[in-house]
Each structure stands twice: as C-alpha cells, then as structure tokens.
Amino acid sequence: MDNENGFSLQFEIKGSNFGSAGKVSTEIKEILQEIGIDPSIIRRAAIATYEAEMNVVMYANRGTLSLTVTPKNLHIRLDDEGSGIEDINLAMQEGYSTATDEMREMGFGAGMGLPNIKKNSDEFKISSVPGKGTSLEIIFNLNQAERA
Amino acid sequence: MTLKEIKEILQAEVITGGDSLDLNIEFAGGSDLMSDVLAFGKPGILLLTGLTNAQAVRTADIIEAKAIVYVRGKKPTPEGIELAKEKGIPLLSTKFIMYSACGLLFSSGLRGVSKLPEKK
C-alpha cells in the first residue's frame, strides 16, 4: 500500500540474531525522520520498536513487523513465531524476566521491555498463544494533543 | 560541559569521534543494562557504560545519546565502533570504574537525568 493517505512497510526479524538486533528499529527511525514525523514521537516509536525487536531476537524464532503510517497515526504490528508468553500479566510487570545469561550479557532481559513499550506508546495491545507466538500492536497518535 | 572537558576530567582516550570534542553535554547517566537506559535515557544524554557490544551503541542511537564513555578501561567491539562511526556517536574510554567516573563528572557540575529532591 502506498497512496496519499498513508503507506505500509513490512520488516522481517530473525530470532537469536544478536549481531543485527536493532537494525529494523534504526531503519524505521530513519524512515520516520525522512517523512518529517515529530521528533518526540519518533523517539518514543524508536524505543518501543527497539524493545519489541529485541524481544523477538531474544525469545522468538522469527517475527514480522508491519509499520503503517496514516495522517492520523503510526501503527506498528509485530507478530512473532516462538514460545509465546504463558502469563501476560506477569510479563507486563516491571522486573519480571525469563531472560537467559546470554541475554543479560547483551545488556537486556531486565524485565523492562514490555512495560517500557506500553509507557512509550499511546495505545498498546498484546496477545499471545503459548507455544505459538506473540502479537503486539503499538499505536502512536500523530496529533500530539491526544497524548495525555 | 564540553566533551573535551569530560575527556580531560576522566583522563579518557578517544576511540572515535575526535572531531566532535566541542559537543556540549548537559547531563549524563550510567548503566550496563540497556533495558534501563531505554527506560531512563533522555535525548542528549552522555551514556557511561561497561557494555562493549554493538547494542550499547544501538541503544545510544535510539535514545539520541550524544556520546558514550566506556568505564573500567573497556573498549567497544569492532562492530560497536563501526556503528558509532556510521551514526556519528563519539566513543571514549576511561580507566575509572563506573562509580568514580560518574562521581568525578557530577562533582564537576555535570548533572544526572533525574531531578534531585529539594533540600528542606
């Protein structure tokens, strides 16, 4: 989709690929800068996308990130294939983590990722099927006045 | 405070970005945990860290940090240096440990990202 009302782009994220982890988020940040989105929204979107991307790298086999930009909002959807989350309420608690030593050595896995995505977004939805995967929907209003 | 002053206070070595030492830095934060940096970081921050992999540089780019100082004499990986060059983020390395490096900068007037409670 690419028309005057907006556009959509898709990005593939590989699980366990720590070397290139974060590249998709950097690319998205650059795209948002190019189209002139407000810098404070870009920053929140970049942080949320990076946290979400790291989650795929750390916990899933692969994931697809869709970025849709309309005049009203930025809509980021991330669907991954992996172990999923058994207890979403627990995963949303700051500090709760199932990270391995390898993840912690990378500087991640402090149990801050999902809460930080929620904190930075205007709307956040998460669903997961244990054994199959997790889906996130992260929305940013482009009308700043709508953010509380 | 300029990056050059920070370099002198910390007796730091410049790894990349030697042409950016006139950058003005207003506040700093230190952590080895990028999850925390993503949660507390603010644009323009000077990041002090002991994490040497490319993720530290990637995180700095995402939060729009001005520069990174590696503590405890650590040096970034070649991937980290490459990414920093690409993103224009200066990298420095000091032999001071995290606590001392932060303390030296704070006592020289470089504040942190959080507001201190007012004295009663």
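Biologist: Is A:Gly82 buried, exposed or partly exposed?

Modeller: This is a predicted model, in which local features need pLDDT of at least 70 and side-chain atom pairs count only at pLDDT 80 or more, while totals for chains, interfaces and linings use all residues. Residues are numbered from 1 along each chain as its sequence is written, and chains are lettered from A and ligands numbered from 1 in the order in which they are written. A residue is buried if 20 or more other C-beta atoms, placed from the backbone, lie within 10 Å of its own, exposed if 12 or fewer, and partly exposed in between. A:Gly82 has 19 such atoms within 10 Å, so it is partly exposed.

Biologist: And where does A:Gly82 sit, and which residues is it in contact with, leaving aside its neighbours within four places in sequence?

Modeller: A:Gly82 lies in strand β4 of chain A; helices (H or I, at least four residues) and strands (E, at least two) are DSSP runs, numbered from the N terminus. Two residues are in contact if their C-beta atoms, placed from the backbone, lie within 7 Å. Apart from its neighbours within four places in sequence, A:Gly82 is in contact with A:Gly15, A:Tyr59, A:Ala60, A:Asn61 and A:Gly133.

Biologist: How many bridges join β3 to β4 in chain A?

Modeller: Two strands pair if DSSP finds at least two bridges between them. Strands β3 (residues 60-69) and β4 (residues 73-82) of chain A run antiparallel, and they form a hairpin with 3 residues between them. In this pairing, A:Arg62 stands opposite A:Glu81. The number of bridges from β3(A) to β4(A) is 9.

Biologist: What pattern of helices and strands does chain A follow along the sequence?

Modeller: Chain A has 5 helices and 6 strands.

Biologist: Which element gives the most to the side of chain A that touches chain B?

Modeller: The contact takes 17 residues from chain A and 17 residues from chain B. On the side of chain A, α1 (23-34), α2 (39-59) and α5 (113-120) each supply at least two residues. The element that gives the most, with 5 residues, is α2(A).

Biologist: Which residues have the most contacts inside the largest nonpolar core?

Modeller: A nonpolar core is a set of buried Ala, Val, Leu, Ile, Met, Phe, Trp, Tyr and Cys residues joined through C-beta atoms within 7 Å. The largest one has 68 residues, and its largest share, 12 residues, comes from α2(A). The residues with the most contacts inside this core are B:Leu46, B:Ala65, B:Ile68 and B:Val69.

Biologist: Which way do the residues of β3(B) point?

Modeller: In a regular strand the side chains alternate between the two faces of the sheet. In strand β3 (residues 46-49) of chain B, all four named residues are buried: B:Leu46 and B:Leu48 point one way, and the other way point B:Leu47 and B:Thr49.

Biologist: What is the handedness of the crossover from β3(B) to β4(B)?

Modeller: 4 bridges join β3(B) to strand β4 (residues 67-70) of chain B, and the strands run parallel, with B:Leu47 opposite B:Ile68. The chain crosses between them through helix α3 (residues 54-63) of chain B. A crossover is right-handed if, with the strands pointing away from the viewer, the path from the first strand over the helix to the second runs clockwise. This β-α-β crossover is right-handed.
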